[in-house]
Amino acid sequence: MISFSKPDVEQFLRTFSIGDFAVSPDEKQLVFSTNLSGKYNLWAMNLPNTFPSQLTFIDQSCQGLIYDKQGRFIIAGFDRNGDENTQFYGIPLQGGTMKKIIYEEGTRNSVPILSEDGNKLYYTSSKGNPTYLNAYVYDLVTGEEKTILVGKDAPTFLLDFSPNEELALYYKHFSNTYKLLYAKRGEEHILLTPPTDQQHTVSGAVFVSDKLIYLLTNYNADFTYLASYNLETNEFVKLKDLENESFTTLKYNKEKHCLYVISEKGVEDHLYKHDLLSNNWEELHSPCSIIEKLIVTKSGTLYLLGRSATKPHNIYQLKENEWTSLTEYTVPGVDQSELVEPDVITYSSFDGLEIEALFFKAKKENDNGEIIFWPHGGPQAAERKFFRASFQFFLNNGYSIFAPNFRGSTGYGLAFTKMVEGDWGHSPRLDNVAGLDWLIENDYAVKGNILLMGGSYGGYMALLLHGRHADYFKAVVDIFGPSDLFSFINSVPEDWKPIMDQWVGNPERDKQKLIEYSPITYLENMVKPMLVIQGANDPRVVKEESDQIVQALKDKGREVEYMLLEDEGHGFSKKENEIAVYQKILSFLNQFVESKVNA
């Protein structure tokens with residue numbers, strides 16, 4: 001009998017991901033963006049065959065992926081090494097030479113929409129209006145382009161068209177918690193939620209006819225619900241809500257006369273079907289905890305991209321009430337029993353607010369007694385039951401992980417999400433401190449022995465916690481976190497700048513507060529060993545944010561390591577970079593496993 005050694009920890013990082021997918025109109029082909037080759041490209045399955053073939057070799061992640069509605073070609077968007085300047089290409093169904101369709105250096109293009117006949121491509125772009133954005137229509141036959149919508153007041157995004165293509169839906173993004181939906185009919189712009197001074201959002205909308213729109217909104221509510229708007233009568237009607245659930249995605253099937261709705265409730269998603277003829281509402285079993293994309297075809301077949309805490313990205317198909325996995329992504333060589341599901345816990349913060357958190361506990365045979373405290377990014381996002389290869393990698397190495405959904409997180413209502421706005425560095429910080437205290441009070445950790453790591457806003461929070469509460473930690477990892485809120489506000493993409501006053505603060509009006517909330521203010525207290533990681537092409541948290549904190553700490557003689565990835569942006573799109581990053585972090589953290597303070 002041959003005996004095999006335990007899987008190498010690097011295998012956890014060899015797990016592949018899926019960024020997006022689309023299904024051809026005849027359902028004979030499915031195309032998806034995946035890093036199966038180590039770098040993101042488009043791959044296709046000729047259904048029902050599920051063995052994929054590679055369509056592109058551009059080695060870039062995809063943003064925007066659609067089929068021509070006649071099934072003749074694919075439109076896909078790619079940026080360059082994480083710079084988020086997406087350009088659109090035409091791609092033959094069998095792959096091969098890509099054709100530049102919308103390509104202008106330095107512009108950010110999004111939301112591609114093809115006309116029913118496939119002759120026109122509509123899209124939103126920073127071209128000509130980098131702050132508020134414009135929408136354009138490009139004639140694929142003649143090459144002519146026209147501006148169809150000029151953004152004003154807020155970044156403006158084209159969303160959809162009516163069946164007769166005479167009405168356009170678009171939304172204005174005033175902030176992450178304030179988005180208004182409009183219908184454009186000729187020169188008339190119709191607001192689809194009742195006028196109010198109360199901020200709210202619209203998170204999805206579909207035409208069910210040329211006159212009737214279904215939408216998801218939290219107008220006059222804390223959680224998002226299903227509503228309708230009749231363009232003939234200008235009547236807005238609230239139709240369906242569920243307690244403590246926010247509807248996030250809406251799809252319509254004309255042939256079956258039904259809606260499909262995805263909702264988020266805390267750390268998990270739910271899937272519902274609403275029959276418009278019978279008014280029946282039912283929950284459908286979902287094959288995963290988190291649903292990242294749903295496609296409903298004319299035939300009524302559902303295709304879903306999702307993941308769970310112990311299941312990587314996969315694409316599923318629902319036929320005759322049974323889900324089939326079309327992809328089989330797993331952690332290579334690792335049995336699912338070796339992966340860790342999180343406990344969901346709640347604790348009270350400094351002011352009595354209940355905070356939910358995920359607590360991943362390393363298995364006893366691996367446990368080294370160390371805890372990584374992980375504030376998530378966003379900040380208006382959440383740590384949820386989705387697969388992170390890095391988490392399972394650290395867990396297998398013996399590190400437990402505690403990830404709180406502090407105020408500002410999504411999934412707990414609009415009011416909760418708004419709590420971080422203009423308050424980046426106070427109440428959310430104290431929510432994290434309360435989480436640290438919960439770990440200590442419940443004997444999971446000792447003050448001074450905790451490892452701190454976060455990315456993006458989580459990197460910012462790691463820096464701030466280090467600067468203001470260094471006595472809780474023995475080492476800190478910052479992954480592309482803003483270090484100075486003044487330079488951060490000034491350097492974000494142009495179409496982010498209109499939201500910064502509400503989201504972060506105004507550099508003049510809120511000067512003292514932004515000084516107080518900026519990690520770089522607390523250099524004197526940052527005395528623990530640090531590792532800083534940054535993508536050189538990051539347009540959200542630019543390289544200078546990490547450069548300045550690293551240099552300032554080095555000038556003070558502090559122990560700080562810096563890892564700069566020249567071909568990455570706000571994340572790790574290349575597998576070899578991802579592996580190198582987490583091996584570096586592991587090597588850094590392993591230095592402190594034997595280092596304990598006295599209880």
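Reader: Which residues does UniProt give for the "domain: Peptidase S9 prolyl oligopeptidase catalytic" feature?

Author: The UniProt record, an unreviewed entry, places that feature at residues 387-593; UniProt positions are given in the numbering used here, feature names are shortened, and annotations may be inferred rather than shown by experiment. This is a predicted model, in which local features need pLDDT of at least 70 and side-chain atom pairs count only at pLDDT 80 or more, while totals for chains, interfaces and linings use all residues. Residues are numbered from 1 along each chain as its sequence is written, and side-chain values use heavy atoms, with hydrogens and water left out.

Reader: How much helix and strand is in residues 387-593?

Author: The span is 42% helix and 15% strand, and its end C-alpha atoms lie 25 Å apart; helices (H or I, at least four residues) and strands (E, at least two) are DSSP runs, numbered from the N terminus.

Reader: Which residues of α8 are buried?

Author: In α8, which covers residues 543-555, the buried residues are E545, S546, I549, V550, A552 and L553, where buried means under 20% relative accessible area, exposed over 50%, and partly exposed in between, with a 1.4 Å probe and protein chains only. Seen down the axis of α8, these buried residues fall within an arc of 165°, so they line one face of the helix; the arc is that of the directions from the helix axis to the C-beta atoms.

Reader: And how many residues of α4 are buried?

Author: Eleven of the twelve residues of α4 are buried, so that helix is mostly covered; among them are Y457, M461 and H466.

Reader: Where is S518?

Author: S518 sits in the loop between α7 (511-517) and β35 (530-535), and at 1% relative accessibility S518 counts as buried.

Reader: Last topic, which residues line the largest cavity?

Author: The lining consists of T196, Q198, Q199, H200, N218, Y219, N220, A221 and L414. These divide into three nonpolar, six polar and no charged, with Ala, Val, Leu, Ile, Met, Phe, Trp, Tyr, Cys and Pro counted as nonpolar, Asp, Glu, Lys and Arg as charged, and the others, Gly among them, as polar. On a 1 Å grid over the protein atoms alone, a cavity is a set of points where a 1.4 Å probe fits but cannot get out, and lining residues have an atom within 4 Å of a point.

Methods:
1 Å grid on protein atoms, 1.4 Å probe; cavity = no way out; pocket = protein on both sides within 12 Å on 5 of 7 lines; lining within 4 Å. Expected span 1.5 Å × (residues − 1).
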